[in-house]
Each structure stands twice: as C-alpha cells, then as structure tokens.
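Here is a brief report on a structure, from the contact between chains down to single residues. Keep the model open while reading.

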Amino acid sequence: MEAGARAERSVGGGLPAWALGAIPLALIAIAIGSFALLGGPGLGERTGPPVEEVAVERTVLHPGEIELTLRNDGPDPVEIAQVAVNDAYAPFVASDGNRIGRLDSTTLDVSFPWIEGEAYEIFILTSTGGTIDVAIPVAAETPEADLGFYGLMALLGIYVGVIPVSLGMLWLPFLGRLGRRWMSSLIAFTVGLLAFLAIDAGLEGLEIAAEAPAAFGGASLVFAGGLVAYLVLAGIDAHLSQRSRRAGGSAKASGAYLALLVAIGIGLHNLGEGLAIGSSYATGALALGAFLVVGFAIHNTTEGLAIVAPLRGGDDAAPPPRLSRLIGLGLIAGAPAILGAWIGASAFNPSLAALLFGVGVGAIVRVIVQLSPAMRDEGGRLLYPATVAGMLGGIAVLYLTGLLVSV
Amino acid sequence: MSENGISRRRLLGGAAAAAAPAAIGLSGLLSGRGPGVEEALAGQPPAAGGHAGHGEFPHASFAPGTAVDHRANGFDPSQILRDFDYGKTRRLASGRVLREWEIVAQDKEIEVAPGVKYEAWTYNGRVPGPTLRAREGELLRVRFVNASDHPHTMHFHGIHRAGMDGMPGIGEMGGGGQVEPGESFAYEFDASPFGLHLYHCHVAPLAAHIARGLYGAFVIDPKQGRPEADEMVMVMNGFDTNFDLANEVYAVNTVGFHYINEPIRVERGSLVRVYLVNVLEYDPLNSFHVHANFFQFYPTGTSLTPSEYTDTVIQGQGQRGILELEFPFDGDYMFHAHVSEFAELGWTGFFRVGDPSRLTAAAAAAAYCELPWGKNGGRA
C-alpha cells in the first residue's frame, strides 16, 4: 500500500491529475501529426494498384434519368470516368465532381431512356479501368417526396403498424377469461414470438448491411445497434425500478410495466420494418398489393397479442387497464412503422437502416430477458411443457404469418 | 415540363427525318428543286460530332465534354486509319526486293476511353501495332526487339517455315521461339499469299497477351496491285479494363467512339477500301455494318473477285477481309458493329461524305443525278 503510493508520487511528480491525463494525449497528437507531415517515414511507396471500393447508397429513377449516389468506401480516392447502362455508354454529369475522396460521395445524373418494369445493370468505369456494378432489378419511377407521398407512407404505416397491433390487443378480454395456469404459457408464447422476430430482424439487418459501405461499419452496425439498445433499455429499467423501490413499490416488474417494455421493443422493430417497406416502395421493388398489406396486418396482429399477454400474466388482482393506456401501447408499438416508412422512402441509407435493425433486435432481446421471469413456475423452472409449448406456438404463428409477407 | 419539351423535340426531329426521303423522291428529284425538301433537310439535326445533351439520348456516348488525350497516348486513331508502314526496301543481288522493319514491344499506359487508363502492351508504342504492308513475292525481314517486362513474340499469319512462326517452343533452336525481355529476333519469310493478314504475340496465356494490345494488320498487295482507292485500316478490338475476361470498351483502332467525334472524311463517288481485321478477345464474334450503303466483300483479301455484295459482315477472332464501297451522297453515315452491345460500348463511328453543312436538297438531288442509275431514272 505504502510502496504503491510512493511509486505513484515519484512517477507523477508534483503535476496535477489533469496534466497527467493531457500530456500523453498531446504527445500522441504530436507523434501522429509529424508522422503524417513526413509522409510515413520508412514505409516507402505503396505497392500495388490503388484500392477502389465504392458503395452505391441510393438509386433514384426519373423519366430519362438515373441518379446514383456513390460513396467512396476504400482507402484511395476514386475517379469516375464513364457510365454504361445495360452495356451502352450513357452521358452523365457528376454533381460533386468525378473525383471522390475517401468517405466522400458524389451523385451521378445519368441520361438514359429507361423503361418501366425492365431490369438494368449499370457499370461505372473508373480511371483505372475498374468497374462498380449497380443493379436495378425492376425499374420504376422514384416517387417525389411531396405531401401526398408522405401521406401515403403514413397510411401504409397505419395499415401495417398501428391497426394490426391494436387489433391484436383486442384479445385482452379473452386472455382475462383464461385461467391463471395459462398465463405462463401466454408469456412463453410472447417470448417465442419475440425471439423469432429478433432473428428475422437481425438477418434482415445483416442483409442490408452487406450493401452499406464497409467503412461505416457494415454488419458491425447491426451488432452495435443491438448492444446500444439493450444497454440503454437495461439502464432505463434499472433507473425506474430503483425509483419505484424508493417509493415503496414492489421490486417485481408489474404486468403494465412489462407490457410497456414489449410495446417499446416491438415499436423499435416496426421502425426497421417500416424502413424496409418504405425503401422497397420508393425503389419500386415493392408492389403495394392488397395481399401484401393484409399479410403484414395479420403478421403484426400477433405483435398486439404479445403486448397484452403480460398485462394478464402479472397479477390476477390487478384492475383491468384503462383504454387510454391500451391506445398508448398500440401507438408506441405501431406508430414507429410510419416514421420508418418516411425515412425509408425519402432518405434511405443502408448504414442507418442496418443500425436501426440492430436497435430493434437489441430492444427485443432486452424485452425477452425481462419477460422470462414471469414464465417461471413454483419451482423456479423456465422450461417446462407449458412454456415450451407456448414458445413453440409463438414461433410457429410468426413463421406462418411471415409467409404472407416474404418481400 | 422539361420532359414534354424533350419528347416534343424528338418527335419533331423524327418527323423531319421521315419527311426527307419522301420529299426527295416526290418533288426534289423530279423537279430538281423544292422548297419543302430544302426545309426538311435543313431541319435535320447534325448527327455527328454533337454530343448528347443532358436528358437526351440520340445514341450511346461517353460523358459529354470528355475526350481521349491522343498526344499522351502517342497515337491518334485518325492517323492510324490511313497509316501504312512500308518499311525500308533494298534490292537483293537476285533482283528480289528485301523489305525490312524494326518492331519494338513495350509496355505503355494508354487511354482507351476518356479518363480510362489501361496498362497496354504495344508494338512500337501503339495499339493496334503498325500496319505492315508489302507486295506479294518480296522477302520480308522483321527485326523484333522485346523492350517489355514480359516475354513476347510476333506470330505472323502467312506461309512460312516453322522456325519463323513466333511460336514458343517451336522456333527455339533457331532463336525464333519466345523472345525474352531485352532480347531480339529477326523473322524472315516470303510475302505470301497476297491478302489481308494479321500478326500478334503468341506467348501464353495467349488471350491476355493479345488482349493487352499486341496485334496489328499485315497487308500483302497482289503483284498487279489493286485499283486506286482511299484506303484505310480498321482493326476491331476491345479492352477488358477490369480483367474480368469481358470487355468494357469496344472500338476500331482502340479508342471507343473516336470516329463519332472525328468522323472519317471521304470523297463522294470515289472508291473507299477498308482493310478490316477482327482481333477482339473474349467475344467469339464481331461484325461491321455500314449505314445507307453496300460494299463488295473480299474475305481475307486472297481473291480479286468479291464474294458478296452486302452491308454487314461477321468475323470471328482473327478473321479479316477487304471492303470496297463508294458513297453516292453527301452526309454522315454511321458504321458500327451490328452486335449492338459492342456498338453501344464504343464500336461506332461515322463516315463524313463531302461537307454536310452544304448539304441541301439541290446538292442531294444533283448527287443523285450523277449516279448511273440516277441519270437513267431521271431521264426515263
């Protein structure tokens, strides 16, 4: 103890703590600065040709024009030379110049008489002769982001988010009639459903991340988003339960509280789902058929069921929840789909989308962790026939309804 | 709004183009004059040289305002077109003519499309290599110096001994096999048979060595010569700039769309002879098509009698032939691969006959009447 204290004094001298923190920082800055100024002494010239990595962040189609937003994802600047659409060179203008610096972006305005419904393959030729390939599976005019469009996206969000979730919540009275012994199965049903949702959203996030510039993290954004969401929700949870304990409440999470958490988790998930729907619609990859909307609606109805299950899973003696609370829960879970659709359709960015999908996954995992204790039987077991059956049921229902919406 | 404007302009252009021939046929030719014709022709949009404006797409083209720097390349397709390398000649004691060339293989970065650099391998610093031209029966000696970083050869199409074939593993004993960097070899053979041939590197991997630019046309004139004509060489080639075994740029004489920007000027009514060689790698077929005209075709140029009167020929790799045609009318006439994909990836150009700015109904009608069938038709 004494030796350690003496050693500390001798190393630090009489300097204050802030200086001990700042000195290494300053030295690091000087070292990096001089290294950069001297052009990396001793490393010599780079070997091999420049590395060209360019991600296509956005494709917008207007009559006679294809607009491509490119981001330089590699270590070297990239110079765009020519553009060919379906093996025909086409005139173009680069809004921010043909040279793209590292992590910079430019937008190519390509003149080409594309035809609705056809597929297009574009290659962008760089100054080194390298190519950047862009695929447009089905050409369709990109909708103008005007008021009517935002209205349509809001309607879409309401159709696939708010209405079905709210409808699902109508099972509450039915759940109320079920006996106490059914409750752990119901919670398990919700857990199974959420677990499947998390896997689904995670895979979709990774799929989108594959298109995103690697420099911004790519797939790791999904995991980062998940981790951040989980930790933030856990922090909020700890904070709230601490407060309720101080106020003399029970330490055990109430049914209403669990329902709120489920709603938040599902809401974050629906944000990602709305994003995917909005961007698919904007790029013409999604036909807004009644079948698809109905499919999403049925799919998301199960999410409503997941929210109201904890309301009955907690305390038998609890008073029935007020209608306003139920509407609130429905909006929390469903309305983010509207926001997601807006973002997805107007400013889709694969990196952001990957992050948001990750956030949805993290939130759902957190909700599962919090719901699980409510499944325990008198012996403290988590897995027993009733809960296993419930979880399998949840997975099955989500899988089957998911078949209706395989976009 | 702007979209409407564009389509209307297109519609008008189309109407003018459609009206022109009809007008010539009905009023222009019979009367020799016709204000309607003149207006219709004057309204024709300039086809060549004009770049596609923003939002328009008259034909495939590179980005507007971009051009290849021929000076940096060290060669210009417009010059390559009519550049025949006759070498140096001297008469041997036997009375026979010895014709000699020196060809140097060198690695060189060239611009194959505006802004697109390609690490080419060249003969004498240009792609295609020099068009070597001799006369049937002469003794030919080609001193080949390999200044490239890679082994190369010169493999001539023609009739010669195995040791002079530029084939690694075959000519080695006499030194005529693979020529290593820094080494040289003199190929010697007779100019035989007459016709249009080619030469290229034959070092493995073959496709890569050819695709990099090691090829050229090789013309052997028949003893009696061919009729006087405006002669030009077109080597149909392409470049796999990203090395995925498929070409990104197609062209004649290397630079894509070059003869769109600088149309080939020819005289109306005079004989034009095109030496057409296909050296395209990675695609099995290439083709040549000329607009609004027909040509006599001499496959491989080994016969003085044409095999076909046509407007389109197809050539496989290494195939070649001679085209002879005359342009009866002033104007710009497109020529391109009738493999539309190649055409739109650079293999397109224009013949410019006369001065199109002077292209009036009167001139067109006069030109028509000068032709044998035009005169007859006019008098009948």
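Two strands pair if DSSP finds at least two bridges between them. The model is predicted.

**Strand E21 of chain B**

Strand E21(B) covers residues 348-353. It pairs with two strands, listed here.

| Strand of chain B | Residues | Sense of pairing with E21(B) | Bridges |
|---|---|---|---|
| E13 | 264-266 | parallel | three |
| E20 | 331-336 | antiparallel | six |

Is E21(B) mostly covered or mostly open? Mostly covered: six of its six residues are buried. Both faces take part. On one side lie B:Thr348, B:Phe350 and B:Arg352, all buried.

**B:Phe288**

B:Phe288 sits in strand E15 of chain B, which runs over residues 285-290. Why does B:Phe288 count as buried? The cut-off is 20 or more other C-beta atoms within 10 Å. B:Phe288 has 25 such atoms within 10 Å, so it is buried.

Which residues does B:Phe288 touch, leaving aside those up to four places away in sequence? They are B:Leu276, B:Val313, B:Phe335 and B:Ala337. B:Asp311 is 23 residues from B:Phe288 in sequence. In space, their C-alpha atoms are 8.1 Å apart.

**Helices H5 and H12 of chain A**

Helix H5(A) spans residues 183-209, and helix H12(A) spans residues 385-402. Their axes come within 6 Å. They cross at roughly 45°. H5(A) is therefore oblique to H12(A). The crossing is right-handed. The residues of this contact divide into 16 nonpolar, nine polar and one charged.

**Contact between the chains**

How many residues of each chain are in contact with the other? Chain A has 23 and chain B has 26. On the side of chain A that touches chain B, strand E3 (78-85) and strand E4 (92-94) of chain A each supply at least two residues. E3(A) gives the most, with four residues. By residue class, this side of chain A divides into 12 nonpolar, eight polar and three charged.

Methods
Residues are numbered from 1 along each chain as its sequence is written. Chains are lettered from A and ligands numbered from 1 in the order in which they are written. This is a predicted model: local features need pLDDT of at least 70, side-chain atom pairs count only at pLDDT 80 or more; totals for chains, interfaces and linings use all residues. Two residues are in contact if their C-beta atoms, placed from the backbone, lie within 7 Å. Ala, Val, Leu, Ile, Met, Phe, Trp, Tyr, Cys and Pro count as nonpolar, Asp, Glu, Lys and Arg as charged, and the others, Gly among them, as polar. Axes are lines fitted to C-alpha atoms, for helices over the stretch in contact, and angles run from 0 to 180 degrees between N-to-C directions. Angles under 35 degrees count as roughly parallel, over 145 as roughly antiparallel, 65 to 115 as roughly perpendicular and the rest as oblique. A crossing is left-handed if the near helix is turned anticlockwise from the far one by less than a right angle, and right-handed if clockwise. A residue is buried if 20 or more other C-beta atoms lie within 10 Å of its own, exposed if 12 or fewer, and partly exposed in between; C-beta atoms are placed from the backbone.
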